[in-house]
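Good morning, and thank you for the time. I would like to take you through one model, and I ask that you keep the sequence and the coordinates in view as I speak.

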Amino acid sequence: MHLPILSLTIFAAAVYLPALAMNIARKNSTLVLLYIIQSIAVAGALLALSYDAGAAGLLYAALLTIAVKAVMAPAFLLRLIKRYDARFSTASYLNMPLSLLALSAVTAFSYSSVFSVIPIFNRSPSTPLLIASIFSVLFLMVNRRGAIADIVGVLAFENGVVLLAAFLGVEHSFALEFAITFDIAVWIAIASAFLTMMYRHYGAIETAILSMTHLTEE
Amino acid sequence: MEWITYILQIAIVLGLSPMVIGLIRKVKARMQTRVGASVFQPYRDLAKLFRKDEVISEDASWVFRSAPYIVFGTTVALALGIPLISPLSTPLGDILVFAYVIATGAFFTALAGIDTGSAFGGFGSSREMTIAALTEGGLILSLFAISLIAGTTNLGLMPAALLDASGRALAPLLLALAAFGIALLAENARMPVDNPATHLELTMVHEAMILEYSGKRLALMEWASYNKLLIFIAIFVNILMPWGLAESFAIGAQSSALAIFLVKVTVAASAIALIESSIAKLRIFRVPDLLITSFVLSVIGILIIVL
């Protein structure tokens, strides 16, 4: 991988900043929009890698990433939001100031010497930024009570992992990217079925308002 | 030749600031499918107020009488330190001087609000001081994060320094600008912190403090608030888009820099109008959440730079 540091940092920032903003956003549609921005950044990184390596396979992978992550998955998520009338995802375990303090701690940890075992950690500013984005979306999944936020969190987590792997020099091929996008499609189908079952059984998709009467087996 | 730049800086801020307000109001009106007043309406309002007589309460002290001049003076002083159309270095451009001159203006506005003993002015001042105290941290830290990237604490020199910044600075710069953007809205009594168009007692903050003013002093207070908004916008746009500043005192260079600056300000003013049209005002006890967000975004930006 020979992409210039500036391009890598731009792509990493385009993944990290939406990950941070996801923790601040209160509308589920905003979460989906931020995920689209992240996905476009990942597709852009794959395009740059394909141009750099002269690999047509990665070009197809980038196009597939746009189709699945920036079009299909968001459309599916927006349909779920509409179907379950889950426009807002305000409930979280920590309030906003504490959540933000936790995010600053997470970012500081991502820059700590713990990760210096990663070969290019000290040479590339994008590596700690991507680690921070992965931790930020992990925090989103843990902190939010809404199922939509959790689903978006898992998808955003995958974006961070894919880009980190690409930047660390893990070999990317069309087959690998095809498998990843196939995995995403399967994950969305499972999540959708899970949400449907959850809604039918408990009458809600947010743990804060689950009907306690349905929590025991009859 | 520097004195020409200083005169130009003051002339641009004083001359352009009412139009920025007019533009924001016009864009907001268009978004509400109204024709709206002309972008020059704030000039007419100021001219009308300057011609009117004043009514001053018998209980008003020298604080109430002198506050408009002090507040207006702070904005003129700030105009000398900010990057507008060319880089310049004055002590007034230091980030701490900037923050505390802003705070001086807010302090005298709040004092004037409580000076006449009006209940409206009192609660407006109380709210203003609460918001100002919470905004200050985010404002100073966001400017500090930008100064760490630029390598200078002088606002006038920051845009030129940022042109040479490394790619590593991108994420912290955007975080600092997001924090500064929140501080911009809060310091200038814009939505979602305050509604500049309302005179409803439950929602007023800035308007409550200047409710006792009339005539020339009201004109100065209004003009000072217009200037302050333009000063914040100028800093924001010239740090976000640091290109297009004049590199010489030649008329051609200054004219093209002014044209580019006008485009940047138009974009920023339209963005503010868009934000104000698309979000509701926050309840007063939800405002700290937003302002703490500004503070923590700056902290994260600083952490990324320092670590």
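This is a predicted model: local features need pLDDT of at least 70, side-chain atom pairs count only at pLDDT 80 or more; totals for chains, interfaces and linings use all residues.

Residues are numbered from 1 along each chain as its sequence is written, chains are lettered from A and ligands numbered from 1 in the order in which they are written, and side-chain values use heavy atoms, with hydrogens and water left out.

Let me start with chain A. Its secondary structure comes to seven helices and zero strands, where helices (H or I, at least four residues) and strands (E, at least two) are DSSP runs, numbered from the N terminus. Of the 218 residues of chain A, 52% count as buried; buried means under 20% relative accessible area, exposed means over 50%, and partly exposed lies in between, with a 1.4 Å probe and protein chains only. Taking contacts in chain A between residues at least 6 apart in sequence, 73% join residues at least 24 apart, a contact being heavy atoms within 4.5 Å.

I turn to the interface. Here 19 residues of chain A are in contact with 16 residues of chain B. The size of an interface is often given as the accessible area lost when the parts come together. For chains A and B the buried area is about 1500 Å², with 87% of it on carbon and sulfur atoms; the term stands for the accessible area (1.4 Å probe) that two parts lose on being put together, summed over both. On the side of chain A, the residues that lose the most area to chain B are A:Leu17, A:Leu100 and A:Tyr111, together 30% of what that side buries. Two elements of chain A give two or more residues to this side, namely helix 1 (5-24) and helix 4 (96-110).

What classes of residue make up the side of chain A that touches chain B? It has 16 nonpolar, three polar and no charged residues. In this scheme Ala, Val, Leu, Ile, Met, Phe, Trp, Tyr, Cys and Pro count as nonpolar, Asp, Glu, Lys and Arg as charged, and the others, Gly among them, as polar. The count of salt bridges between chain A and chain B is zero, the criterion being a side-chain nitrogen of Lys or Arg within 4 Å of a carboxyl oxygen of Asp or Glu.

Over all chains, however, the structure holds six salt bridges. One of them joins the side chains of A:Glu158 and A:Lys69, at 3.0 Å from N to O. This pair links distant parts of the chain, with A:Glu158 in helix 6 (residues 147-167) and A:Lys69 in helix 3 (residues 56-83) of chain A, 89 residues apart. Both A:Glu158 and A:Lys69 are buried.

In chain B, B:Glu276 forms a salt bridge with B:Lys28, the closest N and O atoms being 2.8 Å apart. Here B:Glu276 sits in helix 10 (residues 251-278) and B:Lys28 in helix 1 (residues 2-31) of chain B, 248 residues apart. Both B:Glu276 and B:Lys28 are buried, and a network of salt bridges links B:Lys28, B:Arg190 and B:Glu276.

Next, the aromatic rings. A pair of aromatic rings is described by the distance of the centres and the angle of the planes. The structure holds ten aromatic pairs over all chains; rings of Phe, Tyr and Trp (its six-membered ring) pair if their centres lie within 6.5 Å, and planes under 30 degrees apart count as stacked, over 60 as edge-to-face and the rest as tilted. The rings of B:Phe72 and B:Trp223 have centres 5.2 Å apart and planes at 50°, so this pair is tilted. B:Phe72 lies in helix 3 (residues 62-79) and B:Trp223 in helix 9 (residues 215-240) of chain B, 151 residues apart. For B:Phe107 and B:Phe108, the centres are 5.6 Å apart and the planes at 85°, so that pair is edge-to-face. B:Phe107 is partly exposed, at 42% relative accessible area, whereas B:Phe108 counts as buried at 16%. Ring pairs also link B:Phe98, B:Phe180, B:Phe232 and B:Phe236 into a cluster.

Finally, B:Ser118 is found in the loop between helix 4 (95-115) and helix 5 (119-150) of chain B. B:Ser118 counts as buried, at 18% relative accessibility. A polar atom of its side chain lies 3.2 Å from the backbone nitrogen of B:Phe120.

Definitions and conventions. A polar contact is a pair of N or O atoms within 3.5 Å; within protein, one must be able to donate a hydrogen and the other to accept it, and residues adjacent in sequence count only if both atoms are side-chain atoms.
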